[in-house]
Amino acid sequence: QLVESGGGLVQAGGSLRLSCTASGRTFSSYAMGWFRQAPEKGREFVAADRWGYGSTYYSDSVKGRFTISRDNAKNTVYLQMNSLKPEDTAVYFCAAGQLLSAVVSDYDYWGQGTQVTVSS
């Protein structure tokens, strides 16, 4: 099970840190990804990380503003979001899978999502 937290309402230019905590199994060997979905839009890749491979991967829209990290001891992955823009408004989901990928269908486990709203 994956549970996201840390969403909320923030003004443009502000920051939020999302957390995704896993339970029921250890995800240290999995690729962990963050996706988001705005109203009436498809689920969009944001960032992904594969521990032990030294690999992180960001969408162009968040590169330089968002940072993915993980704490395997806590079975938690984070998404630090800085310089937020109104277009970052969405429900943010974390996911776990075998592949470091930007493709939704490559992920096997999903959280329920946390709402991020950025006001202008």
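User: Over how many bridges do S7 and S8 pair, and in which sense?
Analyst: The model is predicted. One of the bridges joins Ile68 to its partner Leu79 in S8. S7 and S8 pair over 6 bridges, and the sense is antiparallel.

User: In what order do the 4 strands of the open sheet stand?
Analyst: The pairing in this sheet is antiparallel. The twist from one strand to the next averages 15 degrees. The order of the strands is S1-S3-S8-S7.

User: Which strands stand at the edges of the sheet?
Analyst: The open sheet runs in the order S1-S3-S8-S7. An edge strand here has a single partner strand, so one of its sides is left without a neighbour in the sheet. The strands at the edges are S1 (2–5) and S7 (66–71).

User: What is the volume of the largest cavity?
Analyst: Rolling a probe the size of a water molecule over the atoms shows where empty space is left. With a threshold of 30 Å³ or more, the count comes to 1 cavity. The volume of the largest cavity is about 70 Å³.

User: Which elements give two or more residues to the lining of the largest cavity?
Analyst: The lining includes Cys20 and Ala22, as well as Thr76 and Val77. Strand S3 covers 16–22 and strand S8 covers 76–81. The elements asked for are strand S3 and strand S8.

User: How do the residues of the lining of the largest cavity divide into nonpolar, polar and charged?
Analyst: Among the lining residues are Leu2, Phe27, Met32, Arg70, Asn72 and Asn75. The lining divides into 6 nonpolar, 3 polar and 1 charged.

User: Why is the pair of Phe35 and Phe45 edge-to-face?
Analyst: The search of the whole structure finds 9 aromatic pairs. Planes over 60 degrees apart count as edge-to-face. The ring centres of Phe35 and Phe45 are 5.6 Å apart and the planes stand at 70 degrees, so the pair is edge-to-face.

User: Which parts does the pair of Phe35 and Phe45 tie together?
Analyst: Phe35 and Phe45 are both buried. The pair ties together parts that are 10 residues apart in sequence. Those parts are strand S4 (residues 31–37), which holds Phe35, and strand S5 (residues 44–50), which holds Phe45.

User: Is Trp110 buried or partly exposed?
Analyst: Trp110 forms an edge-to-face pair with Tyr107, at 6.2 Å centre to centre and 65 degrees between the planes. Tyr107 is buried, with a relative accessible area of 4%. Buried means under 20%. The relative accessible area of Trp110 is 24%, so Trp110 is partly exposed.

How values were computed
Residues are numbered from 1 along each chain as its sequence is written. This is a predicted model: local features need pLDDT of at least 70, side-chain atom pairs count only at pLDDT 80 or more; totals for chains, interfaces and linings use all residues. Side-chain values use heavy atoms; hydrogens and water are left out. On a 1 Å grid over the protein atoms alone, a cavity is a set of points where a 1.4 Å probe fits but cannot get out, and a pocket is an open set with protein on both sides within 12 Å along at least five of seven lines; lining residues have an atom within 4 Å of a point. Grid points are joined across faces, edges and corners, and a volume is the space filled by probe spheres set on the points. Ala, Val, Leu, Ile, Met, Phe, Trp, Tyr, Cys and Pro count as nonpolar, Asp, Glu, Lys and Arg as charged, and the others, Gly among them, as polar. Two strands pair if DSSP finds at least two bridges between them. Axes are lines fitted to C-alpha atoms, for helices over the stretch in contact, and angles run from 0 to 180 degrees between N-to-C directions. Rings of Phe, Tyr and Trp (its six-membered ring) pair if their centres lie within 6.5 Å; planes under 30 degrees apart count as stacked, over 60 as edge-to-face and the rest as tilted. Buried means under 20% relative accessible area, exposed over 50%, partly exposed in between (1.4 Å probe, protein chains only).
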